[in-house]
Amino acid sequence: MSGGFLKPRPGFATAAIHAGQEAEKWKSAAVVPPIVTSTTFKQFAPAEHSGYDYGRAGNPMRNTLEECLAALDGGIYAFAFASGLGAITSVVAMLSKGDHIVATNDLYSGTNRLFRNVVSRLGIDVTFVDISDLDDLCSSIQDSTKMIWIESPTNPLMKVIDIGKTVRIVKRRGPILIVVDNTLLTPYLQRPLEFGADIVVYSLTKYMNGHSDVIMGAAVVDEVAIAEKLRFLQNTMGIVPSPFDCYLVNRSLKTLALRMERHRATAIIIARFLERHPFVDEVMHPGLKSHKHHNIAKRQTAGHSGVFSFRHAGELEHSKKILSSLKVFTLAESTGGYESLAELPSMMTHASVPEQMRTELGITDTLIRLSVGLEDVQDLVKDLDQAIHHAFHENEAYVDHIRPSQIRPSMDQFRFSGGLSEEPNPAGSPNPPNEIQAGSAQNTQS
Ligand SMILES: Cc1ncc(COP(=O)(O)O)c(C=O)c1O
């Protein structure tokens with residue numbers, strides 16, 4: 001990968017296809033792991049069995065998926081749960097009353113809601129801080145702090161947290177578990193265990209499954225003692241996925257590397273397009289040089305995925321108009337699927353975050369989050385361009401008021417300056433319009 005980012009892990013795609021999938025595991029020598037639906041397993045004598053006794057404790061298809069997930073993150077064990085929030089709930093259940101969590105403040109809203117409304121009610125205190133500011137992190141750690149909860153990049157503001165530095169600071173303060181929700185990048189682009197994190201959690205619902213047809217989660221670890229606790233909680237709390245769903249996710253992992261390459265390449269082209277759009281004020285994409293944490297992203301990741309946000313120059317009405325004018329992007333919550341989605345965090349995914357917290361964070365009514373899918377990049381750029389222009393040109397007075405000199409369509413300007421090619425055209429010499437090719441969407445970050 002170009003631009004100073006880490007290289008994707010060698011052997012990643014091979015592990016995604018083969019780890020845990022040995023045909024010799026099955027009497028039939030099936031190349032594709034079979035779905036075992038049985039909820040119970042015959043014992044040879046009391047408490048003497050094949051390794052499986054009851055479906056909640058273990059299932060051959062689930063264990064196959066878990067082996068593969070562990071390999072992808074460089075962990076030793078992975079545990080699959082019925083949802084991403086199920087995984088998060090189980091990880092937090094490692095704590096006890098009186099313990100304290102420091103969590104990043106720009107957090108997936110469901111985790112935020114779980115921490116504020118459920119976890120804190122059970123006597124576990126949570127402090128929300130901007131962990132990308134390491135001073136803030138340090139001053140939030142208390143004697144009772146037992147867990148640091150990181151998302152990097154954060155969502156929807158795309159702040160990047162330096163995982164290695166955080167680990168070094170936190171571990172000096174005591175035996176505090178560091179958990180990273182790696183949903184937005186996947187192990188193809190970021191491997192938190194290699195930077196010293198203790199637990200990596202996923203909503204597999206997103207990129208890991210990638211087809212928007214399964215809800216599932218996972219936790220991956222590289223320490224036996226933590227694995228034993230999670231194995232106990234997985235069985236005891238019972239938040240487990242079905243063998244059918246495990247089959248679907250396991251199948252989807254086979255194309256994860258390919259999909260992430262394409263998401264990454266298409267999204268940075270769109271981010272660059274928006275960055276130069278006359279009606280866009282700010283683009284939050286860690287692959288852009290303008291991003292304030294771009295250098296951390298380069299040290300820590302093999303690039304950025306298809307999820308990023310932008311702030312336009314209008315008001316709530318413009319957001320509504322943009323989102324309802326999109327024809328290729330679908331107005332819907334979620335991320336990581338093959339289809340492109342757009343949403344308004346302030347009214348949709350992050351509506352459950354208290355208004356004051358949203359305002360402080362900057363989750364305004366003009367902040368739109370995209371999940372760039374696998375469609376042709378030129379169709380996605382055109383779609384955004386027409387929707388933004390539609391929203392702003394409806395009110396010419398507003399347009400004149402904001403940018404009198406920049407009302408002309410941005411798509412043409414972008415195309416003729418080589419915007420859909422690999423790198424911005426340094427000399428500014430015009431590239432031909434047929435420069436718009438998805439095939440040129442390779443290694444484009446930074
Ligand atoms: C970053 C992140 N973590 C966790 C979750 C929760 O996952 P699930 O919807 O699978 O429960 C989500 C869901 O959107 C998410 O975006």
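1. Ala, Val, Leu, Ile, Met, Phe, Trp, Tyr, Cys and Pro count here as nonpolar, Asp, Glu, Lys and Arg as charged, and the others, Gly among them, as polar. On that scheme, the shell around the ligand divides into four nonpolar, eight polar and two charged residues. Of the 14 residues around the ligand, Ser83, Gly84, Tyr108, Ser203 and Thr205 come nearest (a residue is near a molecule if its C-beta atom, placed from the backbone, lies within 6 Å of it).

2. The model is predicted: local features need pLDDT of at least 70 and side-chain atom pairs count only at pLDDT 80 or more, while totals for chains, interfaces and linings use all residues. Residues are numbered from 1 along each chain as its sequence is written.

3. An open sheet of seven strands runs in the order 1-7-6-5-4-2-3, with mixed pairing. Strands (E, at least two residues) and helices (H or I, at least four) are DSSP runs, numbered from the N terminus, and two strands pair if DSSP finds at least two bridges between them. At the edges are strand 1 (77–81) and strand 3 (125–129), each of which pairs on one side only. Ignoring direction, neighbouring strands of this sheet are turned by 20 degrees against each other on average.

4. Within this sheet, strand 6 (residues 199–203) and strand 7 (residues 217–221) pair in the antiparallel sense over five bridges.

5. Which residues of helix 2 meet helix 9? They are Met61, Arg62, Thr64, Leu65 and Cys68, which meet Pro243, Cys246, Tyr247, Val249, Asn250 and Leu253 in helix 9 (contact means C-beta atoms, placed from the backbone, within 7 Å). By class, this contact of helix 2 with helix 9 has eight nonpolar, two polar and one charged residues.

6. The axes of helix 2 (residues 60–73) and helix 9 (residues 243–253) come within 8 Å and cross at roughly 30 degrees. That makes helix 2 roughly parallel to helix 9, the term for angles under 35 degrees. Axes are lines fitted to C-alpha atoms, for helices over the stretch in contact, and angles run from 0 to 180 degrees between N-to-C directions.

7. A second open sheet has five strands in the order 8-9-12-11-10, with mixed pairing. Strand 8 (280–284) and strand 10 (330–331) stand at the edges with a single partner strand each, so one side of each has no neighbour in the sheet.

Conventions. Parallel < 35°, antiparallel > 145°, perpendicular 65-115°, else oblique. Contact = placed C-beta atoms within 7 Å.
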